[in-house]
Amino acid sequence: MIIIKSKEEIDLMRESGKVTGYVLRTLADFIKPGISTMDINNYVEKTITGYNMTPTFKGYGGFPGAACVSVNEEIVHGIPNKNRILKEGDIVSVDVGSTWKHYVSDAARTYPVGEVTDEAMRLIKTTEESFFKGIEFAKVGYRLSDISHAVQVCAEAAGYGVIRDYVGHGVGRELHEDPQIPNYGAPGKGPRLQAGMVVAIEPMIVEGSYETETLLNDWTVVTVDGGLAAHYENTVVINDGEPELLTL
């Protein structure tokens with residue numbers, strides 16, 4: 001069931017979104033060669049709790065971290081580790097959620113670690129671009145798959161694969177609500193978008209095959225061919241006019 005949010009609920013999510021967005025914005029300066037993925041996790045947790053909010057991911061379904069930190073071929077759900085040290089040329093995706101008075105915001109970015117190859121930077125930028133192509137259709141009257149289709153067209157036109165196994169979703173009092181939002185598919189399908197819907201739109205784009213596998217830790221999802229992966233996500237409010245990005 002898709003839950004339409006009231007103005008009061010969106011106000012709470014807007015406060016949460018400000019903190020999630022701030023964390024991701026400031027991580028751009030924090031991330032550098034020589035730090036561990038646990039250092040990133042600790043920065044995320046300290047910042048969110050410093051605003052009297054709760055890191056949504058910590059303990060969610062048993063996940064041990066306050067953030068998902070995924071390096072290179074890791075697509076999503078990377079577990080922070082004090083022994084996983086970032087090096088020059090890596091790329092790292094950080095997925096973060098903040099909860100404020102029971103309401104959640106959810107967003108992700110992929111960052112270059114020091115100097116990266118032109119190819120890696122192109123993947124990061126295309127993943128972000130595909131998100132913004134998608135939200136051109138995140139308006140009242142369009143159908144859900146219009147967003148999905150726009151993401152796919154942008155990514156595949158640049159020569160990349162679009163992950164099928166993991167999708168965007170509604171967000172509100174729960175981290176994952178209806179509807180699911182794939183990053184691929186034909187346009188004109190699914191429910192019509194309505195004012196008050198709040199969704200996490202999150203392209204996950206890869207260099208090669210979109211096939212995935214999960215590591216033995218039962219969390220971390222990687223590309224089967226070792227290709228780099230990038231992730232870009234915001235919590236988005238559907239309006240009569242332009243959508244509002246709560247976590248930008």
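Y142 is partly exposed in this predicted model. Its relative accessible area is 34%. That value falls between the limits of 20% for buried and 50% for exposed. The ring of Y142 pairs with the ring of F137. F137 also counts as partly exposed, at 26% relative accessibility.

Aromatic pairing was then examined. A pair of aromatic rings is described by the distance of the centres and the angle of the planes. The count comes to 7 aromatic pairs. One of them joins F131 and F132. Their ring centres lie 5.0 Å apart, and the planes meet at 90°. An angle over 60 degrees counts as edge-to-face, so the F131 and F132 pair is edge-to-face. Burial is as follows for these two residues. F131 is buried, with a relative accessible area of 0%. F132 is partly exposed, at 29% relative accessibility.

The pair of F137 and Y142 is edge-to-face as well. Here the centres are 5.1 Å apart and the planes stand at 80°. This angle is again over the cut-off of 60 degrees.

Ring pairs also build a cluster. Its members are F131, F132 and Y232.

Charge placement over rings involves R164. The charged end of R164 sits over the ring of Y184, at 4.7 Å from the ring centre. The charged end of R164 also sits over the ring of Y210. For Y210, the distance to the ring centre is 4.0 Å.

How values were computed: Residues numbered from 1 in each chain as written. Predicted model: local features only at pLDDT ≥ 70, side-chain atom pairs only at ≥ 80, totals over all residues. Heavy atoms only, no water. Phe/Tyr/Trp six-rings, centres within 6.5 Å; stacked < 30°, edge-to-face > 60°. Buried < 20%, exposed > 50% of the residue type's maximum accessible area, 1.4 Å probe, protein only. Lys NZ or Arg CZ within 6 Å of the ring centre and 35° of its normal.
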